[in-house]
Amino acid sequence: MILQAITDLGLDPARCAIVGDKMSDIEAGAAAGVGLRILLRGRDAGQDDGAPSHEVVADLAGALELLRSHFAGGA
């Protein structure tokens, strides 16, 4: 699904973000080359042995703040 969206929309995955609530979301984003991966703190938040690098936030407000700071000024 992620790869299809990247293709259909002509996106550069390195300049994209994914927000998920499971490590499998983070892993899928990493496999697709998504540059910013954000995990909402939950049952999987502490299980990151060997997981792709990612940010962890408490809630969607935290994710929005991170997205704004990461992409501010067209970065």
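V34 touches I2, P13, C16, A17, I18 and G29, leaving out residues up to four places away in sequence; contact here means heavy atoms within 4.5 Å. V34 sits in the loop between α2 and β2, and it counts as buried because its relative accessibility is 5%. Buried means under 20% relative accessible area, exposed means over 50%, and partly exposed is in between, using a 1.4 Å probe and protein chains only. I2 is 32 residues from V34 in sequence, yet their C-alpha atoms are 8.9 Å apart in space.

Keep in mind that this is a predicted model: local features need pLDDT of at least 70, side-chain atom pairs count only at pLDDT 80 or more, and totals for chains, interfaces and linings use all residues. Residues are numbered from 1 along each chain as its sequence is written, and side-chain values use heavy atoms, with hydrogens and water left out.

**The overall layout**

- The protein chain has three helices and three strands, and they follow the pattern α-β-α-β-β-α along the sequence.
- Helices (H or I, at least four residues) and strands (E, at least two) are DSSP runs, numbered from the N terminus.
- Of the 75 residues in the protein chain, 25% are buried.
- Among contacts with a separation of 6 or more, 31% come from residues 24 or more positions apart.
- The protein chain exposes about 4,800 Å², and carbon and sulfur atoms supply 53% of that; accessible areas come from the Shrake-Rupley method with a 1.4 Å probe, and for residues only the protein chains shown count as cover.

- β1 pairs with β2 (residues 36-40) in the parallel sense over four bridges, where pairing takes at least two DSSP bridges between the strands.
- Opposite I18 you'll find R37 in β2.

**Strand β2 and I38**

- Five of the five residues of β2 are buried, so the strand is largely enclosed by the rest of the structure.
- Both faces of β2 are covered, with L36, I38 and L40 buried on one side and R37 and L39 buried on the other.
- I38 lies in β2 and is buried, because its relative accessible area is 0%.
- Setting aside neighbours within four places in sequence, I38 is in contact with I18, V19, G20, I26, E55, V57, A63, L66 and L67.
- V57 is 19 residues from I38 in sequence and 7.1 Å from it in space, C-alpha to C-alpha.
- β2 also pairs with β3 (residues 55-57), in the parallel sense over three bridges, and L39 has V56 as its bridge partner in β3.

**The helices at either end of the pattern**

- D8 belongs to helix α1 (residues 2-9) and counts as exposed because its relative accessibility is 55%.
- The side chains of D8 and Q4 are joined by a polar contact of 2.7 Å; that term covers a pair of N or O atoms within 3.5 Å, and within protein one must be able to donate a hydrogen and the other to accept it, while residues adjacent in sequence count only if both atoms are side-chain atoms.
- D59 caps the N-terminal end of α3, with a side-chain oxygen 3.2 Å from the backbone nitrogen of A61.
- The 12 residues of α3 (residues 60-71) should span 16 Å at 1.5 Å a residue, and the end C-alpha atoms are 16 Å apart, which agrees; the expected span is 1.5 Å times one less than the number of residues.
- Just after α3, G73 takes a positive phi of about 75°.
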